[in-house]
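Visitor: Could you walk me through how to read a few features of a model like this one?

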Amino acid sequence: YNNIVIIIVFYLVKVWMEGIGGPSGYTAQRYLSCGSDKEAGNMTLLWIILLGFRWPFTIAVVLLGLTYNAEKPIGDPEKVLPKVLNEMMPTVLKGFLVSGLIAAAMSTFDSTINAGAAYYVKDIYQAFISPDASEKTLVFHSRVSSVLLSVLGLLLTFVFSNINDVWGFLTMAISASSLAPLIVRWLYWRINGWSYGAGSIGGLLAAIVVRLFFKHYPEWMIFVSVVLFSFISLAITTLLTKPTPHAVLLNFYKITKPPGIWGPISAEIDEADKTDIKKENRRDFLTGFLVSW
């Protein structure tokens, strides 16, 4: 990224949109593994504390890299971290840092692979192909899909020329493909499973097309284009499909208390409850905005 202001603004906007859209992917799996709301809250606090170590480390590496670059120009930005670790760190600290970086990389890698395998096994294979499959069969398919996803990831490395290229594609294209479905699902009562799926798939296809034919465009244009195409796919599918059953929507509204356009559903709620829901939503929006910024 050549314009640091643009990337900071878009990154913060993306994080804020993801925050109000609720957890997804392996983040959702963390919450779903908790036994109660209190455990989920404690897990969130722990996750915030752990993430707090990332940015001071990044800032320290940047400052050391600038110092090193003033004496011995590095040239390639992707060599800043290796140079700092190899030539500016004492041996003992170097070992700890390398071990920590490897552990961080592997934790992200295995979480992503496990999440992808779970999507295939639970949402595709067991749901549509073989609903009565045994646990042994499901484990086998999970292992096979994990291997295939790993091989696919390795093959994709031949498509990208540097880490910055990968980061831009993941942040501004792939992540953007699911932002519209993640947010709109809370804001409009007509959204259903087909809408969410169409918005996610449409955004993903748009991200792939952008990567293949428009990869030299600025990141912010890629981000906006993918989100817009995802939203259009979602809106069209919503109009062409039936809404979720009324009883399901009413139960969902009472439990989650979402903001947005819920007229036919919120009409069945007492006025006192409506007022409480509006107050809670205002607090949630303000908190989400302040935390992400």
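Predicted model: local features only at pLDDT ≥ 70, side-chain atom pairs only at ≥ 80, totals over all residues.

Visitor: Where does Ser 177 lie?

Guide: Helices here are DSSP runs (H or I, at least four residues), numbered from the N terminus. Ser 177 sits in the loop that links helix 8 (163–174) to helix 9 (179–187).

Visitor: Is Ser 177 buried or exposed?

Guide: Buried means under 20% relative accessible area, exposed over 50%, partly exposed in between (1.4 Å probe, protein chains only). Ser 177 has 6%, so it's buried.

Visitor: And which residues does Ser 177 touch?

Guide: Contact means heavy atoms within 4.5 Å. Leaving out residues up to four places away in sequence, Ser 177 touches Gly 199, Ser 200, Gly 203, Leu 204, Val 226 and Ser 230.

Visitor: How many aromatic pairs does a search of the whole structure find?

Guide: Rings of Phe, Tyr and Trp (its six-membered ring) pair if their centres lie within 6.5 Å; planes under 30 degrees apart are stacked, over 60 edge-to-face, the rest tilted. The search turns up 5 pairs. One of them, Tyr 120 with Tyr 125, is tilted, at 6.2 Å centre to centre and 40 degrees between the planes. Tyr 120 is partly exposed at 28%, while Tyr 125 is buried at 10%.

Visitor: What about Tyr 253 and Trp 262?

Guide: Their ring centres are 5.6 Å apart with planes at 40 degrees, so that pair is tilted.

Methods: Residues numbered from 1 in each chain as written. Heavy atoms only, no water. Helix = DSSP H or I, 4+ residues; strand = E, 2+ residues; numbered from the N terminus.
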